[in-house]
Amino acid sequence: MRITVTVDGTKYADDVEPRQLLVHYLRERLGKVGTVVGCDTSNCGACTVHLDGHSVKSCSVLAVQADGSEVTTIEGLARDGQLHPVQQAFHDNHALQCGFCTPGMIMQSIDLLADNPDPDEKAVREGLEGNLCRCTGYQNIVRAVRDAASHMQGGAGPEAEQVTSVKAGGAQ
Amino acid sequence: MTATMEPEVGKARRRKEDARLITGRTRWTDNLTLPGLVHMSILRSPMAHARITSIDVSAARELPGVLAVFTGADLADEQGSLPCAWPITEDMKSPNAPSIAVDQVNFAGEAVAVVVARSAYEAADALEAIDVDYDDLPVVLDMAAAVEDGADLVHSDLGTNKSATWIFDSNEAGTGGDVEAAIGDAEVLIERTFRQQRLIPAFMEPRSVVVDPTGEQYTMWSATQIPHILRLMLAMTLSVPEHKVRVIAPDVGGGFGGKLQVTPEEILTFLVARRLGKPLKYTESRSESMLSGHHGRDQIQKLTLSARRDGTVTGLKVELLADMGAYLRLVTPGVPILGAFMFNAIYKFPAYRFVCTNVFTNKTPTDAYRGAGRPEATFAIERLMDELAVELDMDPMAVREKNWIKHEEFPFTTVCGLTYDSGNYEAATDKAKELFGYDALRAEQAERRERGDSVQLGLGISTFTEMCGLAPSRVLGSLSYGAGGWEHAAIRMLPTGKVEVVTGSSPHGQGHETAWSQIVADQLGVPFEDIEVLHGDTQSSHKGLDTYGSRSLTVGAMAVVAAADKVKAKAARIAAHMLEAGEDDVEFHAGSFRVRGTGTEGSGAKGVSIQDVALAVFAAHDLPDGVEPNLDSEATFDPENFSFPHGTHLCATEVDTETGRVTIRKYVCVDDIGKVVNPLIVEGQVHGGLAQGIAQALFEEAVHDESGTLTTGTLADYLVPSAADLPNFVTDRTETPATSNALGVKGVGEAGTIASTPAVVNAVIDAVRHLGVKDIEMPCTPMRVWQAIHTGRSDAGGLGGEAGGGLGSIDTSGGAQ
């Protein structure tokens with residue numbers, strides 16, 4: 001099937017197998033290997049990307065379902081060498097060790113902050129429940145998300161989304 | 001060129017590694033691609049024990065995109081036997097360990113055929129077209145039954161399911177008394193049997209391997225903790241000349257011991273790539289990872305502790321059965337033996353005996369998992385100390401305090417013959433109790449018991465130590481390990497004064513690049529930013545023993561320090577020449593050589609920086625006679641002793657007696673890991689370690705059903721905790737420098753995992769002991785806790801047949817509620 005999809009600001013038109021998962025399309029066809037696969041039951045969240053501004057587990061979305069949509073991956077967050085506030089907060093708060101869960105964790109955190117610009121600890125923990133990390137015990141991830149929130153205040157959450165999508169389409 | 005004046009060591013430096021990891025610029029093995037790369041998939045046995053009577057691959061070979069299909073028979077002549085580097089006894093029974101089964105499968109998940117195809121999708125599709133016929137063999141699953149006379153055998157050719165029995169006896173070793181005498185004279189005996197359930201390391205990055213056979217060397221990229229050992233073992237196992245093999249561990253997404261292995265998948269990818277002459281990739285699915293990657297723990301611990309009525313311990317006898325699974329992997333037999341020296345822990349036992357029998361079953365092989373032997377030992381002794389306190393109606397901390405080594409007694413040689421170089425258990429405990437609010441929580445516990453609150457409070461203690469920094473080579477030799485425990489490092493001074501540090505330690509999330517930069521910055525007086533750390537490629541870092549056993553800092557970084565000393569010694573001679581002074585008159589401080597007594601920077605003293613020397617060496621126009629133009633240096637460091645971090649962990653749990661649900665209300669730990677290079681990294685290691693130890697206590701268990709099928713083969717069934725399942729930890733430190741290395745450092749990678757499990761279980765039992773509960777098997781799932789409370793049975797949970805029991809989910813038997 002023919003799909004047209006915008007990923008990290010670049011438009012692609014490709015023929016894909018109907019069964020191909022979005023994450024495999026991103027990794028194998030587009031070379032977007034910053035997004036990774038950690039499980040086969042949609043439990044780990046390592047493959048989380050944004051589809052039209054909302055976080056999805058890209059192992060649970062078919063590439064054909066992304067037809068006509070905008071996808072943002074971890075690779076599309078930083079602009080002109082400027083890290084997204086959530087990326088910066090993960091670095092500042094030592095919220096990663098091996099870093100394998102980090103792309104998904106950051107993408108989910110951005111989505112979480114878009115919904116709730118000032119989450120308390122419990123809200124962060126529950127908002128990240130679908131993303132597993134084996135290294136950090138989550139404490140510094142929680143700290144990072146709340147730190148990022150403090151740097152993105154005043155309704156900055158949705159803005160953070162817009163930073164990541166070139167033409168903030170109305171698909172929210 | 002200004003030298004860094006403020007010490008780097010001790011600073012909470014943000015990590016150098018992060019930049020690529022937070023932006024997706026990563027090189028996981030599965031991210032790599034090569035021209036002409038083809039993909040391999042593996043057909044795995046659904047049977048735990050069976051003869052293979054036929055395999056028909058003809059249909060699979062005909063499918064579009066399929067290049068080749070191989071069975072065990074096709075590869076039998078080349079595959080050798082997977083290595084086991086730790087023959088713990090001379091008479092240890094070790095079965096042949098094929099990477100792909102030839103005529104018999106011995107655990108569910110063993111490879112029986114491989115497909116090579118143009119794409120991973122096509123390779124996976126073709127597996128369904130392979131037809132395998134099996135003849136069932138009796139399945140051996142229960143360790144205790146497996147060692148009975150007449151038991152069905154995993155490997156009939158071995159004639160027994162016992163691999164080896166390893167004994168340490170303090171009376172025989174001359175390091176202590178006779179434990180049987182102590183038991184005979186005991187005023188109090190505590191006899192318990194604990195089960196260490198089977199766990200799965202569950203690193204986040206599934207294992208992946210790429211082999212390129214098209215160059216002069218075979219190049220293997222692998223998600224491994226041990227590129228150097230892997231290269232050696234490929235050479236020795238497959239009879240490939242060692243110099244024709246290059247192994248690269250690129251970015252590796254966690255290991256926790258789970259990637260301390262020479263895997264069937266690595267061997268198969270190598271063999272098949274070589275056969276086809278094409279670059280080949282194999283990446284496991286999560287389910288394959290759970291099934292085929294080695295598991296951890298799995299012991300039955302029979303324990304006898306003798307004591308006097310005043311609480312003084314007099315002897316400890318440990319009888320273990322340890323499940324090897326179906327084969328002996330790289331260090332499988334040695335894992336329980338690493339625990340042999342830790343059951344006595346921080347306590348002054350006068351007599352000790354340890355007997356471990358390693359047992360084969362038709363399950364996934366076990367091997368190292370974070371702590372490897374030491375969590376098991378720590379759990380046993382810390383649970384026993386609580387049981388002793390209950391028996392004597394003493395406070396559990398008071399019992400510990402009565403028996404632990406006092407700070408003024410260091411160095412202290414234990415009943416196992418290990419010498420603990422330093423420690424201060426009193427200081428760590430005092431600090432932990434204060435942070436915890438121990439006395440107030442005890443008062444609240446009493447109050448809630450008094451009024452019969454449906455949610456009961458329990459306090460759990462773990463005053464642990466561990467031995468890490470593996471390891472003095474002579475000790476490993478005495479334990480029959482197949483290699484030494486040294487580590488290698490090299491430092492290259494580049495002409496512009498920048499520095500490359502080569503380390504044989506191979507990180508997979510720990511932050512070596514940052515920590516080593518801090519250490520070298522201080523050693524050479526160069527800026528943190530000017531240092532690049534190279535690792536994980538046998539071509540650039542040709543020599544090493546890799547990363548496990550909390551060894552990187554205490555062994556690997558000590559090699560870096562030794563190399564830096566050599567660089568400075570070489571530079572001093574050249575600097576003296578440049579300063580027109582005698583070498584003995586030159587001193588090195590903060591990156592500069594100066595003539596002694598001529599003052600420091602800014603006072604007009606003439607000096608040359610180490611960067612000046614590096615450039616002078618590059619030009620080599622004017623060097624002292626007989627001096628080679630080279631500052632580069634290498635060093636290999638062999639530790640003289642293990643390191644012995646310790647700490648006091650305190651856990652308060654709330655147990656809902658109506659649902660059995662356990663909630664951690666407060667967790668405080670005060671760890672003493674000696675000097676700290678980077679407090680941020682240390683704190684992260686502790687957090688992650690705690691999470692894994694708590695997961696053993698409450699959530700995780702690898703369960704096989706009666707036919708030997710792993711029923712916890714996905715992350716939906718095997719309950720790796722999420723952020724919502726864990727509390728906020730209060731972590732702090734005391735600092736008693738190690739005296740066994742120049743940096744004064746101890747290990748930290750495994751401490752949290754080793755310490756936390758018994759603290760949590762002690763707390764759970766403490767919450768409900770007044771209801772008649774004496775023990776609850778791990779993981780303490782809501783069902784088991786509820787059952788223990790409502791039956792008052794001391795053996796609640798049985799041997800653990802249910803899957804997915806943690807986190808309040810419904811177990812396969814339908815839930816006990």
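Mentor: In this predicted model, the crossing of α17(B) and α18(B) is right-handed. The two helices are α17, residues 512–524 of chain B, and α18, residues 552–578 of chain B, and their axes come within 10 Å while crossing at roughly 35°. On the side of α17(B), the residues that take part are His512(B), Ala515(B), Trp516(B), Ile519(B), Val520(B), Gln523(B) and Leu524(B), and they meet Ser552(B), Leu553(B), Ala557(B), Val560(B), Val561(B), Ala564(B) and Val567(B) of α18(B). Sorted by class, this contact holds eleven nonpolar residues and three polar ones, with no charged residue.

Along the principal axes, the C-alpha atoms of chain B fill a box of roughly 85 × 75 × 50 Å, and 59% of the 817 residues in the chain are buried. If one takes the contacts in chain B between residues at least 6 apart in sequence, 79% of them join residues that are at least 24 apart.

Chain B also touches chain A, in a contact that takes 40 residues from chain B and 45 residues from chain A. On the side of chain A, the elements giving two or more residues are α2 (85–92), α3 (102–115), α4 (121–127) and α5 (139–151), and the residues of that side divide into 21 nonpolar, 16 polar and eight charged.

Definitions and conventions:
Residues are numbered from 1 along each chain as its sequence is written. Chains are lettered from A and ligands numbered from 1 in the order in which they are written. This is a predicted model: local features need pLDDT of at least 70, side-chain atom pairs count only at pLDDT 80 or more; totals for chains, interfaces and linings use all residues. A residue is buried if 20 or more other C-beta atoms lie within 10 Å of its own, exposed if 12 or fewer, and partly exposed in between; C-beta atoms are placed from the backbone. Two residues are in contact if their C-beta atoms, placed from the backbone, lie within 7 Å. Axes are lines fitted to C-alpha atoms, for helices over the stretch in contact, and angles run from 0 to 180 degrees between N-to-C directions. Helices (H or I, at least four residues) and strands (E, at least two) are DSSP runs, numbered from the N terminus. A crossing is left-handed if the near helix is turned anticlockwise from the far one by less than a right angle, and right-handed if clockwise. Ala, Val, Leu, Ile, Met, Phe, Trp, Tyr, Cys and Pro count as nonpolar, Asp, Glu, Lys and Arg as charged, and the others, Gly among them, as polar.
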